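Opening the notebook on a new model today.

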Amino acid sequence: TRKIAVSGTASGIGKALAGLLRAQGDEVIGIDLKDADVCADLSTPEGRALAVESVLGMCGGVLDGVVACAGVSTFTTLTVRVNYFGVTALLEGLRPALAAAPAPRAAVIGSISGTKPAVPEVVRACLDGLEEEAVESGERAVERGDGRKLYPSSKSALAQWLRRVCVTPEWAGCGIPLNAVAPGVVLTPMSDPLFADEEMRKAMDAAVPMPLNGYAEPEVVAEALRWLVSPANSHMTGQVVYVDGGAEATLRGPDV
Ligand code: NAD
């Protein structure tokens, strides 16, 4: 049996992925604020350390896969703490256990929002590993009314982090593919508020056009993650795979 640690298993995409993995016989170690095998708050350094320590204890120091699904989409600096630092700390903390497995795999969740306008100082501080500086720059962005740019900043920084580390001796050199799935709009509790009124929904449809099959169910995104962390994926790394009904292709156009 493969042992796979998944964050965000109490809801949405993480929950769907945990279901798919368990159904194919994998052992899932779920991490979330509550209703999980490991209950920990990934927004704080203490919570991340607790999560890493608990997972390492449960897997005996050898882990076949890690998928970081936990995330938030508020217009606050919590997005930076959870979506960037919570994800990268979890992956870095569990990396040695991945390196000890025969066919280790890792994946994270980006977003089509990672292609939207970001706060450059926040992205830079994230990539420099300076959490408090990133949060301070984020607080200033909130004060000037740019809070909605923090989620895109967290996801853009995450995609750039992935591109940087995936080819290093610590990841590629240890045989660990590391990729992201970037969804458009997925029907989970996170996106519920977007459907609160007709105006919001129209704004969202303009921002994230999904000509192919519309909004996605969480299982669709989970299927892509499942393949990325399967033994079949021996050579794909550093990719941000858009599972977004054509949103990225519509917005960025034909130039690749
Ligand atoms: P969701 O709200 O249904 O699930 C997120 C899970 O993360 C929850 O169970 C929550 O408790 C957990 N979580 C949040 N903060 C945490 C913390 N500090 N510590 C531990 N766990 C925490 O959302 P979802 O739609 O399943 O989102 C999953 C991922 O997909 C997120 O990274 C999100 O940014 C991304 N995403 C979602 C959409 C969408 O439309 N739903 C679109 C693009 C990307």
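My entries follow, and I keep in mind that this is a predicted model.

**Helix packing.** I started with helix 2 (residues 45-59) and helix 3 (residues 78-99), whose axes come within 10 Å and cross at roughly 30 degrees. That angle makes helix 2 roughly parallel to helix 3, since the cut-off for that label is under 35 degrees. I noted the crossing of helix 2 with helix 3 as right-handed. Then I listed who meets whom: helix 2 brings R48, A51, V52, V55 and L56, and helix 3 brings R81, F85, G86, A89, L90, G93, L94 and A97. Sorting the residues of this contact, I get nine nonpolar, two polar and two charged.

**Ring pairs.** My search of the whole structure turned up three aromatic pairs. In one of them, Y84 and F85 have ring centres 4.9 Å apart and planes at 80 degrees, so I filed the pair as edge-to-face. Both Y84 and F85 are buried. F195 and Y215 are also edge-to-face, with 5.0 Å centre to centre and 75 degrees between the planes. This pair links distant parts of the chain, 20 residues apart: F195 sits in the loop between strand 6 and helix 7 (198-207), Y215 in the loop between helix 7 and helix 8 (218-228). I have F195 down as partly exposed at 22% relative accessible area, and Y215 is partly exposed at 22%.

**A loop residue.** Where is A172 found? I traced A172 to the loop between helix 6 (150-165) and strand 6 (178-183). A172 has 39% relative accessibility, so I count it as partly exposed. Leaving out residues up to four places away in sequence, A172 touches C166 and V167. I also checked A172 against V229: they are 57 residues apart in sequence and 14 Å apart in space, C-alpha to C-alpha.

Definitions and conventions:
Residues are numbered from 1 along each chain as its sequence is written. This is a predicted model: local features need pLDDT of at least 70, side-chain atom pairs count only at pLDDT 80 or more; totals for chains, interfaces and linings use all residues. Side-chain values use heavy atoms; hydrogens and water are left out. Axes are lines fitted to C-alpha atoms, for helices over the stretch in contact, and angles run from 0 to 180 degrees between N-to-C directions. Helices (H or I, at least four residues) and strands (E, at least two) are DSSP runs, numbered from the N terminus. Angles under 35 degrees count as roughly parallel, over 145 as roughly antiparallel, 65 to 115 as roughly perpendicular and the rest as oblique. A crossing is left-handed if the near helix is turned anticlockwise from the far one by less than a right angle, and right-handed if clockwise. Contact means heavy atoms within 4.5 Å. Ala, Val, Leu, Ile, Met, Phe, Trp, Tyr, Cys and Pro count as nonpolar, Asp, Glu, Lys and Arg as charged, and the others, Gly among them, as polar. Buried means under 20% relative accessible area, exposed over 50%, partly exposed in between (1.4 Å probe, protein chains only). Rings of Phe, Tyr and Trp (its six-membered ring) pair if their centres lie within 6.5 Å; planes under 30 degrees apart count as stacked, over 60 as edge-to-face and the rest as tilted.
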